[in-house]
Amino acid sequence: MTDRTSVGATEVRGGRAAVRRAAARATRRTRFLLAAVLTLVVAGGSLLVGNAVGSAATYPQVCEQFGSRGVGGKYVAQNNRWGTDKQQCITPFDTGFTLDVAQGTNNAGPSSYPSLYRGCVYGYCTPGSTNLFPAPVRTLGTVRSNFATTGPTNKATSQYNTAYDIWFDPTATNKGRNTGAEMMIWLNRTSWVQPIGKPYYDVVIGGAVYTVWYGKIDLPVISYVRKTPTTSVSNLPIDAFVRDATARGVVKPTWFMTSVQAGFEPWTGGQGLKVTNFSVTRNGL
C-alpha cells in the first residue's frame, strides 16, 4: 500500500483516550546509540561509504550488536540491537537493507531498531550533512522523505512497527546523548504493538490522519501513528510533524533537529523485513 503525501494544514480532531503504555523502549535504545557510533567510526574500516544511490551496491552483512555501515554516500545503516541478546543481522545496500536474521522475542518492548539515518549522532555526522544537520527548528525549512518497505517472511509470528525516529537537542554541538525530545512517525504496526505513553488526539498531516501519542521516560516522546497503515510514503513532510510537535510544546523552537532515522522496531521475529528505499532532504539538499 502506497501513500503519496503532500504538504497540508495540521488539523486537530477528537478527544483524549486512556490506554496502557506497552513498553519503555526509548531509554534502553538511546543508551546504546554511543556504542553504535563508536562501532561505526573505529571498528577497523567498518564505515564503508558506498557508491551513489541507484548503483545497487551491496555491503557485507552486519551482525555486530551496534554495527553500522555507510551506504549510498550520505546515509548510515545500523543494526542497533538493544532489547534482546539473540542474534540479529542486516545486509545493507545503497538505498536500504534487509533484516536477514531476527531471533529476538520480546513482549515488553522492541528488540532493536535496525534502520538508516542521515544527520548527526553522538558527534558523528553522515557525509554531506554539513550545513544541513543539526538543523535549527526555528529555521528548519522543508524536510522531505521517501521511505519504502516490504514485510517479513513470516507475518503470522512477527510483531513489529515501521517508523521514523527523529531526534532533537537544545544545542548544535552536543557530542553525547540528545537531551531534548524524540519524535516518531509510525507507518504501520502489528496487533498489540504500540508506542510509549497514551493517545491524545488525531491530526491530519500531508493528507493522512495520525493519532498522536505522548509519553515520557527520561525524555519526552511524541509518536504519530498512521490510522491507515502503509508500507511506503513519498515526499513525506517531516517539517509539518515538527511544527505540530512544536505547537504542542514537546519540541522547542530554539532546539536543533539532529538526525532523521527510518526503519523497524521488531519486537518478536521480523526476519525478511526490508527497506527498499530511503532518502531525506532538507531544503532540497
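The model you are viewing is predicted.

**Stop 1**

Select Asp 239 and Arg 243. Their side chains meet in a salt bridge, 2.9 Å from N to O. Which of the two is buried? Asp 239 is, with a relative accessible area of 3%. Arg 243 is partly exposed, at 45%.

Arg 144, Asp 239 and Arg 243 are linked in a network of salt bridges.

Next, pick Asp 244 and Arg 248. These two also form a salt bridge, with their closest N and O atoms 3.3 Å apart. Asp 244 is buried, at 2% relative accessibility. Arg 248 is partly exposed, at 36%.

**Stop 2**

For another of them, select Arg 177 and Asp 218, whose side chains meet at 2.8 Å, N to O. Arg 177 sits in the loop between strand 11 (159-169) and strand 12 (181-189), and Asp 218 in the loop between strand 14 (208-216) and strand 15 (220-226), so the pair ties together parts 41 residues apart in sequence. Check the surface here. Arg 177 is partly exposed, with a relative accessible area of 22%. Asp 218 is partly exposed too, at 38%.

**Stop 3: the nonpolar cores**

Hide the surface and look inside. In soluble globular proteins, nonpolar side chains tend to be buried together. Here the largest nonpolar core has 53 residues. Which residues have the most contacts inside it? Select Tyr 164, Met 183, Tyr 224, Met 257 and Phe 278. Helix 3 (residues 238-247) gives this core its largest share, 5 residues.

Centre the view on Met 183. Leaving aside residues up to four places away in sequence, Met 183 touches Tyr 164, Ile 166, Phe 168 and Tyr 224, among others. Its contacts also include Ile 238, Phe 241, Val 242 and Ala 245.

There is also a second, separate core, of 7 residues. Among them are Ala 163, Met 184, Val 193 and Trp 267.

**Stop 4: a buried glutamine**

Select Gln 261, in strand 17 (residues 256-268). Is Gln 261 buried or exposed? At 2% relative accessibility, Gln 261 counts as buried, because the cut-off is under 20%. Show its surroundings. Again leaving aside residues up to four places away in sequence, the contacts of Gln 261 include Gln 78, Tyr 113, Ser 115 and Leu 116. Tyr 117, Val 121, Ala 163 and Tyr 164 are also among them.

**Stop 5**

Move to strand 3 (residues 68-71). In a regular strand the side chains alternate between the two faces of the sheet. In strand 3, Ser 68 and Gly 70 point one way, while Arg 69 and Val 71 point the other way. All four are buried.

Strand 3 and strand 4 pair in the antiparallel sense over 4 bridges. Which residue in strand 4 is the bridge partner of Arg 69? Select Ala 77.

**Stop 6: the disulfides**

Finish with the cysteines. A disulfide is a covalent bond between the sulfur atoms of two cysteines. A search of the whole structure finds 2 disulfides.

Select Cys 63 and Cys 89. Their sulfur atoms are 2.0 Å apart. The torsion about the S-S bond is about 115 degrees, so this disulfide is right-handed. Cys 63 lies in the loop between helix 2 (33-42) and strand 3, and Cys 89 in strand 5 (residues 88-93), so the pair ties together parts 26 residues apart in sequence. Cys 63 is partly exposed, at 27%. Cys 89 is buried, at 1%.

Then select Cys 120 and Cys 125. A disulfide joins them, S to S 2.0 Å. With 110 degrees about the S-S bond, the link of Cys 120 and Cys 125 is right-handed. Cys 120 is buried, at 9% relative accessibility. Cys 125 is partly exposed, at 34%.

How does the pairing run when the bonded cysteines are numbered in sequence order? The pairing is 1-2, 3-4.

Key
Residues numbered from 1 in each chain as written. Predicted model: local features only at pLDDT ≥ 70, side-chain atom pairs only at ≥ 80, totals over all residues. Heavy atoms only, no water. Buried < 20%, exposed > 50% of the residue type's maximum accessible area, 1.4 Å probe, protein only. Helix = DSSP H or I, 4+ residues; strand = E, 2+ residues; numbered from the N terminus. Pairing = 2+ DSSP bridges. Disulfide = S-S within 2.5 Å. Core = buried A, V, L, I, M, F, W, Y, C linked by side-chain atoms within 4.5 Å. Contact = heavy atoms within 4.5 Å. Salt bridge = Lys/Arg side-chain N within 4 Å of Asp/Glu carboxyl O.
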